[in-house]
Amino acid sequence: MGIESDLFCSNLVRRFGSNAAVDHVSLDVPAGTFFSILGPSGCGKTTLLRLLAGFDRPDEGDIHIRGARMNDVPPNRRPVNMVFQHLALFPTMSVGDNIGYGLKRQKVPAAERRTRIARVLEQVGLPGMENRNPGELSGGQRQRVALARCLVLEPTLLLLDEPLGALDLKLREQMKIELKHLQKAFGTTFVYITHDQSEAMVMSDQVAVMKDGRFDQVAPPEELYREPATPFVAGFVGDNNRLTGELVAVQDELAELRLDDGSMVRGRLGQSSPPIGERVDLFIRPESLVLGGDALRPDYSALRASVTATLFDGANSRLEADSAGQTLYARLPQDGSAPRLREGAGVQLAWDPMLARVFAPGAA
Amino acid sequence: MNASAGRLSLWLLLTPFLLWIVLLVLVPHLQMLRVSFQVRESWDTLAWGLEQYQNFFTESYYWRTFVRTGVMSLFTTFLTLLIAFPIAWYIARLARGRAKGLLFLACLVPFWASELVRTYGWMILLRESGLFSSWLQALGWADGPVEMLYNDVAVIIGLVYNGLLFMVVPLVTTLDGMDENLVEAGYDLGGSHLTVLREVVVPWAMPGIVSGCIVVFMLTLGSYLTPILMGGKDSAWFTGQIFTQFITRFNWEQGAALGVLLLVLSSLIVWLGLKLSGQSLRKVMG
């Protein structure tokens, strides 16, 4: 870790007019990591990636790749390659020439070029495709050619700009897993940007959640999911229910709040402790909500709600319920343990307060 | 009923096109081809023969002019491409919104005046008593009036100027459609400016380059006013030869033969250009 990492950035700033698209971002990506930057569109993630690739210069801050300062190095001299959102395969060249383009620039002799092209095509699962035209390939195959074109150069860092966005759902799921395996096989450090939290969660070792040009939280996917540091992360990563109420008491790390209909619920406080009487949000995940009163333990918080709909979606089946005007979703396990519920029926939704998170709105 | 109505409307639509092709293209060319093989034996008798074509090859002045016109047209086309490419690049890739429209308009404006007026504009600048000459004298860089007209450079300047728009338009169209990421990918994978231009941009723009070159080459080869006015008596442009035969010497047979040869030359060079650049006419003309 530190300045010798594959990628180390300190206090990067990029302003457009008075608006800072990238606002004092620091990051440290050790070798061999799959690092994702996750954020909604317009959060500055593409600008950040272009700074790393060298298409744009930071106004402040430094970019170090394996200890070498990269700020003034043009994109063609950086040990960094990029897979573009729309892939940008050269349409006038064959698959082999596309992959050979970078090798030619490195003055690799023709015979070695051929063997390396053949080898990388085999590694991405497209053996013998050298003479095909990119236009003749399917979306998934083009994706792999774009990857091979970069990986054949053995870059220190591979940048990926939402390359799965253009694929259909089924293929996207498949490519997610394949990309992760390829990253492990090549051992290259990946920096992947996406707005799709499932992509980031499935593939990454580390995820940075970005909002308004800043990193809200940098953590492994599981920690992001279980221990969100900010209300934005809690709402953005994974499904979450949000209940708004007034903070009435804090006991150790548990906060008690009174919802608008007067019911009292509890949850674990996030990092900051807001003053008593403040409006706060409680986040509770659909799978943490327990249905019915049988298994209810005394320390659980509970709410009365009425069923609005049951949404069957296989393993993702959910119950939509309404509690004092706030919509809640609870997961319906499909192993037969969930009770059959009609629309309008009353249910009790309960949860372990340790699994709920309480934040003051807008807390960073 | 319906089928015959359909056929009627098809013919009605085709008629202007067919009339145009037949009356203005096919008939004159066939007539010219026929006349070029006629040999005038006496004032009222004609025979078939190759005399006009023999004249062309035996009179060195004819074929020297012919070769000179071809080579200078090729050079003019190449020069036009070199000048038009950065202009087209700027209009297509760098200019935004209003500036783009204005720049395009600026390329178009000279073509609102006739070729004669445009050429006369250059003559005002370049002639002995012209603007450039007087500026040079005022600056003390020349002792007396400088004649810049009536040489090959002046002819090429005029021809490049006339062809520029026809090169810029197809180039802007092709460059406009190029994904910005292609250029970035070219750099990202280690290419220098020159490599990206050679390996990525030029291959992409090839259809535009070839179609622009064909149009400019044909225009230049067949232009008459500019070489005569800016090159003077000694411009030795092949169209001038044809004019002389038809109008001055009233030798229609010789003029027709020269015309046929010019047509063959331009077709041959365009065909060669397409072969060499690996493009087909269908792809280039879209």
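How many residues of domain 1 of chain A are in contact with domain 2 of chain A? Four residues of domain 1 of chain A are in contact with four residues of domain 2 of chain A, two residues being in contact if their C-beta atoms, placed from the backbone, lie within 7 Å. This is a predicted model, in which local features need pLDDT of at least 70 and side-chain atom pairs count only at pLDDT 80 or more, while totals for chains, interfaces and linings use all residues. Residues are numbered from 1 along each chain as its sequence is written, and chains are lettered from A and ligands numbered from 1 in the order in which they are written.

The domain assignment of chain A places domain 1 at 7-233 and domain 2 at 239-359; such bounds come from an automatic or database domain assignment. The C-alpha centres of domain 1 and domain 2 of chain A are 38 Å apart. On the side of domain 1 of chain A that touches domain 2 of chain A, three residues are nonpolar, one is polar and none is charged. Here Ala, Val, Leu, Ile, Met, Phe, Trp, Tyr, Cys and Pro count as nonpolar, Asp, Glu, Lys and Arg as charged, and the others, Gly among them, as polar.

Between the chains, the contact takes 17 residues from chain A and 16 residues from chain B. Helix 8 (180-188) and helix 9 (193-221) of chain B are the elements that give two or more residues to the side of chain B that touches chain A. Helices are DSSP runs (H or I, at least four residues), as strands are (E, at least two), numbered from the N terminus. Helix 8 of chain B gives the most to that side, with six residues. By class, the side of chain B that touches chain A has seven nonpolar, five polar and four charged residues.

Within chain B, the axes of helix 5 (residues 115-126) and helix 7 (residues 152-176) come within 11 Å and cross at roughly 140°. The axes are lines fitted to C-alpha atoms, for helices over the stretch in contact, with angles from 0 to 180 degrees between N-to-C directions. Helix 5 of chain B is therefore oblique to helix 7 of chain B, since angles under 35 degrees count as roughly parallel, over 145 as roughly antiparallel, 65 to 115 as roughly perpendicular and the rest as oblique. Residues Glu115(B), Arg118(B), Thr119(B), Trp122(B) and Leu126(B) in helix 5 of chain B meet Ala154(B), Ile157(B), Gly158(B), Tyr161(B) and Asn162(B) in helix 7 of chain B. This contact of helix 5 with helix 7 of chain B has five nonpolar, three polar and two charged residues.
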